[in-house]
Amino acid sequence: MYLDRDFRGMGKPVKKLTGIAHFFAAASYSLGGAKRLLGEAAFRHELMAFGAAMVAFVISGATFFQYVAMLVLFLLMIAFEALNTAIEEIVDRVSPEISEMGKNAKDLGSLACLCVIVANAGYAAYVVFLSKLFAI
């Protein structure tokens, strides 16, 4: 069962939605997450970088498959950024004081995001600058 938003953990049980109502509720939660993520400066920078990559793909004559692969990598980056933001929110809620464990959790989430950012940038650079040289 799900609980109300009672931060003391003593909320009353809420009836779990099923069927189409569950689908629309889940969609509204996802949209809420997307709205929250837009509040993150790092995500807005990643969004701008994706837009710049798409312009560069158009100029370089990227193939349909290259667009699809870049979109998949970008969606992974969104997912990692969302998970990193969730980790930061939980750490800030549970441990508002500075702690080594909280710092480690945030640093590891940041590293995960960096790895996906490097994968996105590396693939975009390959498509724009190197794919024509190697003709692969």
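**Close-up views of a predicted model**

**View 1. Cys113 is a buried residue, with a relative accessible area of 6%.** Here, buried means under 20% relative accessible area, exposed means over 50%, and partly exposed is anything in between, using a 1.4 Å probe and protein chains only. This is a predicted model, in which local features need pLDDT of at least 70 and side-chain atom pairs count only at pLDDT 80 or more, while totals for chains, interfaces and linings use all residues. Residues are numbered from 1 along each chain as its sequence is written, and side-chain values use heavy atoms, with hydrogens and water left out.

**View 2. How many disulfides does the structure hold?** The count is zero, where a disulfide is taken as a pair of cysteine sulfur atoms within 2.5 Å. Cys115 counts as partly exposed, at 48% relative accessibility.

**View 3. Helices α2 and α3 pack at an angle of about 175 degrees.** Helix α2 covers residues 41-60, helix α3 covers residues 64-94, and their axes are 11 Å apart. Helices are DSSP runs of H or I with at least four residues, strands are runs of E with at least two, and both are numbered from the N terminus. Axes are lines fitted to C-alpha atoms, for helices over the stretch in contact, and angles run from 0 to 180 degrees between N-to-C directions. The pair is therefore roughly antiparallel, a label for angles over 145 degrees. On the α2 side, look for Ala42, Phe43, Glu46, Leu47, Phe50, Met54, Phe57 and Val58; they meet Gln66, Tyr67, Met70, Leu71, Phe74, Met77, Ile78 and Glu81 of α3. Sorted by class, this contact has 13 nonpolar, one polar and two charged residues. Ala, Val, Leu, Ile, Met, Phe, Trp, Tyr, Cys and Pro count as nonpolar, Asp, Glu, Lys and Arg as charged, and the others, Gly among them, as polar. Contact means heavy atoms within 4.5 Å.

**View 4. Asn84 is found in helix α3.** Is Asn84 buried or exposed? Asn84 counts as buried, at 6% relative accessibility. Setting aside residues up to four places away in sequence, Asn84 touches Lys106, Gly109, Ser110 and Cys113. Leu111 is 27 residues from Asn84 along the chain, with 9.4 Å between their C-alpha atoms. Ser110 belongs to helix α4 and is partly exposed, with a relative accessible area of 40%.

**View 5. Ala124 lies in helix α4, which spans residues 100-134.** Which residues does Ala124 contact, leaving aside its neighbours within four places in sequence? They are Ala53, Phe57 and Met70. Ala124 counts as buried, at 13% relative accessibility.

**View 6. Glu89 sits in helix α3.** Glu89 is partly exposed, with a relative accessible area of 39%. Thr63 is 26 residues from Glu89 in sequence, and the two are 39 Å apart in space, C-alpha to C-alpha.

**View 7. UniProt, in an unreviewed entry, places "transmembrane region" at residues 20-38, 50-80 and 108-130.** The positions follow the numbering used here, feature names are shortened, and annotations may be inferred rather than shown by experiment. Residues 20-38 are 100% helix and 0% strand, with end C-alpha atoms 27 Å apart. The stretch 108-130 is also 100% helix and 0% strand, and its end C-alpha atoms are 31 Å apart.

Terms used
Angles under 35 degrees count as roughly parallel, over 145 as roughly antiparallel, 65 to 115 as roughly perpendicular and the rest as oblique.
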